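I opened the model to look up two things. These are my notes, in the order I took them.

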Number of protein chains: 2
Amino acid sequence: MAAADISSDGPESHTLRDLNEPLVDHTEGQLFLTDAFKIMMEEVLCKGTDVKHKVCEWKEPEELALLLDLELRAKGEPHDKLLQRVQDVAKYSIKTSHPRFMNQQFGGVDYHALTGRFLTEALNTNLYTYEVAPVFVLMEAEVLRGLRQLIGWTEGDGLFCPGGSASNMYAMNIARYQHFPDVKSQGLFGLPRLNIFTSEDSHYSVKKGAAFLGIGTDNVITVEVDEGGRMIPSDLDEKIKLAKSQGGVPFFVSCTAGTTVRGAFDLLDCIADVCEKHKIWMHVDAAWGGSVLFSKQHSHLIKGVHRANSVGWNPHKMLVAGLQCSALLLKDTENLLRRCHCANATYLFQQDKFYDVNLDVGDKTVQCSRKVDCLKLWLMWKAVGSNGFADRVDKSFHHARYLVAQMKKREGFQIVFEVAPAIKERMMKQGTMMVGYQPLGNKVNFFRMVVFSPLLSQKDMDFFLDEIERLGKDL
Amino acid sequence: MAAADISSDGPESHTLRDLNEPLVDHTEGQLFLTDAFKIMMEEVLCKGTDVKHKVCEWKEPEELALLLDLELRAKGEPHDKLLQRVQDVAKYSIKTSHPRFMNQQFGGVDYHALTGRFLTEALNTNLYTYEVAPVFVLMEAEVLRGLRQLIGWTEGDGLFCPGGSASNMYAMNIARYQHFPDVKSQGLFGLPRLNIFTSEDSHYSVKKGAAFLGIGTDNVITVEVDEGGRMIPSDLDEKIKLAKSQGGVPFFVSCTAGTTVRGAFDLLDCIADVCEKHKIWMHVDAAWGGSVLFSKQHSHLIKGVHRANSVGWNPHKMLVAGLQCSALLLKDTENLLRRCHCANATYLFQQDKFYDVNLDVGDKTVQCSRKVDCLKLWLMWKAVGSNGFADRVDKSFHHARYLVAQMKKREGFQIVFEVAPAIKERMMKQGTMMVGYQPLGNKVNFFRMVVFSPLLSQKDMDFFLDEIERLGKDL
């Protein structure tokens, strides 16, 4: 408690232990952590990445709740009981590091990144001032610089956000601030409608962000995509003109580099032309696809990204940094991020400090506490180098191409019936692999293979095909 | 990559390793993690909590950047070099678990919570569907239920957010949605000004949130505080009436249970009366003070909290759960959270799943990826029980009272000159302890002692006083 506020208010209601004894026993605590570490190693990292073990141990919710005995009680539990709980949590959790977890874009494991995450937790600091996070203030700046360099920007700004959705929202807010700085103090009341443009295949966070920021989902105008799932620049141009003619104020275009379902890359150079013509902020949601920038062979997919005003990029996806690692990168050199988000709280960002207060980066965000998300990426980058990342990207494309070629050879792989949900249920209950399905446009539900984990081998591609055939045989 | 989108585009630019060999070597990786774990144990948890070692190893930014060799390069580095990097990061980082880290409200360590955080990282999952996070969907519900029960709610809703600032923003957005559901689709354009009320000592995130949500900082109306730093209910009532008379629409009052600088608790029952009278959403920012609910002796401070519509509570502060652990709790039973935030993305929240899709909680948030923040609190709660939390809270108050009594006995402790920044500089450079300072109203900068860590003993209170005297002797 803050000392100034406490007044004596009667005798203690129950006896406290000796006031000179801390309530935590280091020896016991460190022993527990060490024992639990062994369980994590065995259950999560050894068995959990071994194809001889299941990806998931499916239980119905009611049964799982009973098995876990989740209830919180007045009394604490002993060492062995708690270790058993660690074991149970590990046992019934999905093994997202397993090579056959192809369900979402955060599978796989990199041990250097994981070490960075453990160290982040052990150090338990808050990335807002140089005083309290000296190593991470400097490290974040260096990692962001490295990512910006790949985009082609020699200067700029940025920060790590709690997920790609937050990055997209931040970009919208900054663009809005640039167009209408008074919104920060006066709000949107009395302004003409602001319009955001994005393709119909873009991530749902664009609409969520528009709702949250008070702009409204109806003011997000959907641009058509071509047969490859890419935003059509001429349709964007026409919809901007139409919105203007109807009294709207277009201020933000959110392109996608690697759409969620199809992995399509919008043609950024063509969209940049439209944005420049209309003087609109260009944002690239490269949460999934940004990592192609490491690959000489595939970076052409994201050509023109340097012309954007902002880029969101999630190294927790294709680079396997671990949740969460989401960079928002800005071309801006005029401190827009800080000016837009700052509140100048005097208890945290004192201006009479004995060091350069520009290093106190916390006022660039609308969070107060902010986790350290740079260390895991930095340590992994030091371990494998940019070349290692390039290999991973190239190999992912190779696996994907191989898979497509093999599918063409197999008769059963033209999806004509609505079988995905039934196959999915069997897959989960048997626990042999996890692959997600979804519809797209007027297509029925289909499986989306996510094949970027550095743990994957070509054999896993064959396994996927065999397993889908096996699971769906009688459907 | 999503398989459907890949077409062959020329030969590989450099040779990949055998396609049937994964790019990650488990044996090497696990060895590295094990070696790094030993370093964390030694440097962060043993030395880092030992009062014979420093809290911080102060370096000027330029020197630290050189020492850390932060630059990211094309080639990877060997095992030993990388272990040295782990060692360096630990060495130059602030030891926030050290008993003499009283700088901010996230100091201290609890080994069970830390185990939960390591396990969370090892399992690396995403809290959005039952399918991918079965254990954590159920566990989060149980932990939220436990926290709501302490508030006095037998039903309700909630979720863990990336920090207390996000909790406050979410509460504002939900309240706005309840008052004006069309804002979600149409935005704020054309609406009358919406007004938020909070005390002048409340956290800066209320204003940041209002700016972000498009409401604007000018529409946050500041209510006066009494001599104890508590919002004055009659002033709130008058300011609501005044806002209405000027055409504003008051919709949200943010009370504070434990203000950031003074630790003051607003008188919630009196404020609830005002909110009920005017039919305004009542939110309690109990990020800091919520944990007094565990203490029979001190829970009176937060009396009336059950009358609120929403409560933000950060167990990463007084309960030492580790960053981040921020619960947003709602009294609502009509699915307001989901209705306000949902986008119904079909690739993630398919409605034809083989289990109850109400367990897919991800659409309650504006994030997409969301970290698991419940496990660390759950495991610690299992370990110490509600009784253990009560002891910790009681002991914190005891330390604070002791400190106040001792200060009154020492002559030098009436702050009359502006000495805090100078003492702080000496403190950091010597690394013996870390305590934050800030101004308040018309007072000069003063030190704020944060004394809730379970590692603290009464001797640390004496040390603080001696050390402040020593550091400031000649000022």
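**Interface first, then a sheet**

I began with the contact between the chains: chain B and chain A bury about 18100 Å² between them, 64% of it on carbon and sulfur atoms. I note that this is a predicted model.

I then looked up the residues involved. In chain B, 203 residues are in contact with 204 residues of chain A.

For charged pairs, the rule finds nine salt bridges across the interface of chain B and chain A.

Which helix gives the largest share of the side of chain B that touches chain A? I found helix 12 of chain B, residues 375-409, with 22 residues. By residue class, the side of chain B that touches chain A divides into 104 nonpolar, 58 polar and 41 charged.

Next I turned to a sheet in chain B. Three strands form this open sheet in the order 1-9-10, with mixed pairing. I noted strand 1 (101-102) and strand 10 (443-448) of chain B as the edge strands, each pairing on one side only.

I checked strand 9 (residues 434-440) of chain B against strand 10 of chain B: they pair in the antiparallel sense over four bridges. B:Leu440 stands opposite B:Lys443, which is in strand 10 of chain B.

Last, I looked at what packs on the sheet. Helix 13 (residues 420-430) of chain B does, touching strand 9 and strand 10 of chain B. I recorded the direction of helix 13 as making about 165° with that of strand 9 of chain B.

Technical notes: Residues numbered from 1 in each chain as written. Chains lettered and ligands numbered in written order. Predicted model: local features only at pLDDT ≥ 70, side-chain atom pairs only at ≥ 80, totals over all residues. Heavy atoms only, no water. Pairing = 2+ DSSP bridges. Helix = DSSP H or I, 4+ residues; strand = E, 2+ residues; numbered from the N terminus. Contact = heavy atoms within 4.5 Å. Axes fitted to C-alpha atoms, helices over the stretch in contact; angles between N-to-C directions. Buried area = accessible area lost by both parts, 1.4 Å probe. Salt bridge = Lys/Arg side-chain N within 4 Å of Asp/Glu carboxyl O. Nonpolar A, V, L, I, M, F, W, Y, C, P; charged D, E, K, R; others polar.
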